[in-house]
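Reader: I have a model open and want to talk through its packing. Can you start once it is on screen?

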Amino acid sequence: MSIQDSPADLSELIRQVETLQSDAARASAVSALGMVRDGVITGEGPTTLGRIHFSRSLDADDAAWCARILTAAGVRDVPVSRAEVETLFQIGEAGADRSDDGLFDDLLAKAVVHHAAAASGLPVPPRSVALQPETAIESWAPTTAVGVNIEVLEWIAAQMRGKRRSNRVLKTLVAACLIGAATLPLVASLPAVIDLAT
């Protein structure tokens, strides 16, 4: 879908995320997040209707759209997917100007860690709990590398490297996991990501 899509198209995507299950709902969530990204980039489109929205700006309404999409009924009980996280990183990078009081960065950090923990086979709470602003990420996120998949950490580091904006919460959690991972026999795979710890 392109930024020319109508509000009806966005409404249909939201309906799909709320009613479909698992993979189909996740695909719709990625498409809906893409519409938020396009709205942040251009300042136009269905996610910006009814308000003044400048291009390359990210506001509280954009963060609310992302939260609504990521916690919709169809995806509420499945881990955050890599495709969803990639689109969130794109939204974060597109939003050069921020007026969201840190809501998006909080959501991004929680979504990334939710994906990383779940992809590593670690238990995670439902999205409806983990991604809420009032839920402290420290209450459920892994704080050491024990059990965290090194490939997933490397992927996160690659996503974070070279970005204009730095997510301090996410950077701190990844660095803590990497320091813990240094005690594991996988040290050879860490030089590519260890720069996050500085």
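This is a predicted model: local features need pLDDT of at least 70, side-chain atom pairs count only at pLDDT 80 or more; totals for chains, interfaces and linings use all residues.

Author: Start with α7: eight of its 11 residues are buried, so α7 is largely enclosed by the rest of the structure. Buried means under 20% relative accessible area, exposed over 50%, and partly exposed in between, with a 1.4 Å probe and protein chains only. Helices (H or I, at least four residues) and strands (E, at least two) are DSSP runs, numbered from the N terminus.

Reader: Which residues of α7 are buried?

Author: Ile150, Val152, Leu153, Trp155, Ile156, Ala157, Gln159 and Met160.

Reader: And what sits at the start of α7?

Author: There, a side-chain oxygen of asparagine 149 comes within 2.7 Å of the backbone nitrogen of glutamate 151.

Reader: Serine 120, buried or exposed?

Author: Serine 120 counts as buried because its relative accessibility is 17%. It is in the loop between α5 and α6 (127–130).

Reader: What is serine 120 in contact with?

Author: Gly147, Val148 and Asn149, leaving aside neighbours within four places in sequence. Contact means heavy atoms within 4.5 Å.

Reader: New topic. How many residues has the largest nonpolar core?

Author: It has 37 residues, and Cys66, Leu88, Ile91 and Phe104 have the most contacts inside it. Such a core is a set of buried Ala, Val, Leu, Ile, Met, Phe, Trp, Tyr and Cys residues joined through side-chain atoms within 4.5 Å.

Terms used
Residues are numbered from 1 along each chain as its sequence is written. Side-chain values use heavy atoms; hydrogens and water are left out. A polar contact is a pair of N or O atoms within 3.5 Å; within protein, one must be able to donate a hydrogen and the other to accept it, and residues adjacent in sequence count only if both atoms are side-chain atoms.
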